[in-house]
Amino acid sequence: MKFLTSLRRRSAARPVLLLLTLVVLALSYSVVSPQRSSAETETTQQVEQGKAIFDQNCSSCHGLNGEGTTAGPTLIGVGAASVDFQMGTGRMPAARGEAQIPAREVQFTQDQIESVAAYVASLGAGPAIPEESQYTADLSEEDIARGGALFRANCSACHGITGGGGAMPEGKYAPSLRDTSAVHIYEAMRTGPQMMPTFSKDVMTDESVTEIIAYLEEVNSQPNYGGLTMGDAGPVSEGFWIFVIGIGGLAVVATWIAKKGARAR
């Protein structure tokens with residue numbers, strides 16, 4: 001009888017010992033395992049929220065994993081800055097295929113845009129959304145003048161002498177920069193959207209980009225004393241139209257007067 005009782009006790013003790021062992025292991029793991037910081041948790045939640053928005057609004061063109069389709073390019077490696085520019089200017093999501101997608105009314109909040117940007121950034125490394133210190137600074141007149149020289153050398157051929165925009169081949173165009181925010185100008189230079197070339201930090205430093213942005217802000221803040229600017233395309237194109245319209249108009253008027261005088265005789 002004593003043998004049977006001892007055997008029963010041993011049989012009952014095994015599950016209890018197994019349970020205690022599991023509890024001890026779980027407590028030990030919780031102590032020694034690294035805990036996620038609040039920042040990591042927020043980033044994970046932001047990426048998950050961005051993926052949900054992406055799946056609903058972007059995946060039909062760019063693929064479920066951003067790999068791209070015949071309707072839209074891959075987003076792997078474009079970076080968060082590209083998403084912030086495209087969605088922050090209302091160009092994306094695109095309503096339809098066009099030669100060039102223009103800026104439209106923004107359809108998402110900035111928090112939603114940053115969530116999608118965080119998700120796209122998780123697909124592959126690329127330019128990040130810049131800090132304000134990367135594109136704004138208190139610059140001197142000399143710095144602004146240097147920004148003007150950089151803009152004329154690298155940008156004015158497409159965007160015009162003061163950023164008024166201009167025509168491009170195949171129905172495309174360089175948009176006006178007057179209403180474009182400083183952060184979006186910075187992001188456009190770093191990501192090269194559509195026809196625009198990409199200016200890496202090796203080619204154009206943040207300091208130089210800041211000077212270009214300061215130049216554009218200074219030019220656009222100046223009052224216009226000359227009346228019609230004709231798009232601020234620069235002195236060559238403006239002089240051409242002045243010649244065609246002004247001299248051409250005077251020639252027409254002079255011809256009309258000459259004919260009228262001949263008839264009077």
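1. From the N terminus on, the elements of the protein follow the order α-α-α-α-α-α-α-β-β-α-α-α, which amounts to 10 helices and 2 strands. It should be kept in mind throughout that this is a predicted model, and that every value given below was computed from its atoms.

2. Among contacts between residues at least 6 apart in sequence, 57% join residues at least 24 apart. The accessible surface comes to about 17,300 Å², and carbon and sulfur atoms account for 60% of that surface.

3. Helix α4 deserves a point of its own, since 9 of its 9 residues are buried, so that α4 is largely enclosed by the rest of the structure. The buried residues in question are Ala-80, Ala-81, Ser-82, Val-83, Asp-84, Phe-85, Gln-86, Met-87 and Gly-88, and what covers them includes α5 and α8. After α4 comes Gly-90, which has a positive phi, near 80 degrees.

4. The largest pocket holds about 780 Å³ of space and is lined by 36 residues, of which His-62, Pro-73, Gln-86, Met-92 and Ile-101 lie nearest its centre. At least two residues of this lining come from each of α2 (38-57), α3 (59-62), α4 (80-88) and α5 (110-123). Which helix supplies the largest share of this lining? That share, 5 residues, belongs to α4, and Gln-86, one of the residues nearest the centre of the pocket, is also among the buried residues of that helix. Divided by class, the lining of the largest pocket consists of 20 nonpolar, 12 polar and 4 charged residues.

5. The second largest pocket contains about 630 Å³ of space, and its lining is made up of 35 residues, with Arg-91, His-159, Pro-175, Leu-177 and Met-196 lying nearest its centre. The elements that each supply at least two residues here are α4, α6 (141-154), α7 (156-159), β2 (173-174), α8 (182-191) and α9 (206-221). Of these, α8 gives the most, with 4 residues. By class, this lining has 22 nonpolar, 10 polar and 3 charged residues.

6. Turning to charged side chains, the structure holds 5 salt bridges. One of them joins Asp-55 to Lys-51, with the closest N and O atoms 3.4 Å apart; both residues lie in helix α2, 4 residues apart, which is about one turn of the helix.

7. The salt bridge between Glu-211 and Arg-146 has its closest N and O atoms 3.0 Å apart. This pair links distant parts of the chain, with Glu-211 in helix α9 and Arg-146 in helix α6, 65 residues apart. The two partners fall into separate accessibility classes: Glu-211 is buried, because its relative accessible area is 3%, whereas Arg-146, at 35% relative accessibility, counts as partly exposed. The arrangement also takes in a further residue, as Asp-143, Arg-146 and Glu-211 are linked in a network of salt bridges.

8. A further salt bridge is the one in which the side chains of Lys-201 and Asp-206 meet, at 3.8 Å from N to O. Salt bridges are counted here up to a cut-off of 4 Å between the nitrogen and the carboxyl oxygen, so a pair at 3.8 Å qualifies. Lys-201 itself counts as partly exposed, at 48% relative accessibility, a value to be read against the limit of 50%, over which a residue would count as exposed.

9. A last point concerns Ser-156, which is placed in helix α7. At 17% relative accessibility Ser-156 counts as buried, the cut-off for that class being under 20%. Leaving aside residues up to four places away in sequence, Ser-156 touches Phe-151 and Ile-161.

Definitions and conventions:
Residues are numbered from 1 along each chain as its sequence is written. This is a predicted model: local features need pLDDT of at least 70, side-chain atom pairs count only at pLDDT 80 or more; totals for chains, interfaces and linings use all residues. Side-chain values use heavy atoms; hydrogens and water are left out. On a 1 Å grid over the protein atoms alone, a cavity is a set of points where a 1.4 Å probe fits but cannot get out, and a pocket is an open set with protein on both sides within 12 Å along at least five of seven lines; lining residues have an atom within 4 Å of a point. Grid points are joined across faces, edges and corners, and a volume is the space filled by probe spheres set on the points. Ala, Val, Leu, Ile, Met, Phe, Trp, Tyr, Cys and Pro count as nonpolar, Asp, Glu, Lys and Arg as charged, and the others, Gly among them, as polar. Buried means under 20% relative accessible area, exposed over 50%, partly exposed in between (1.4 Å probe, protein chains only). Contact means heavy atoms within 4.5 Å. Accessible areas come from the Shrake-Rupley method with a 1.4 Å probe; for residues, only the protein chains shown count as cover.
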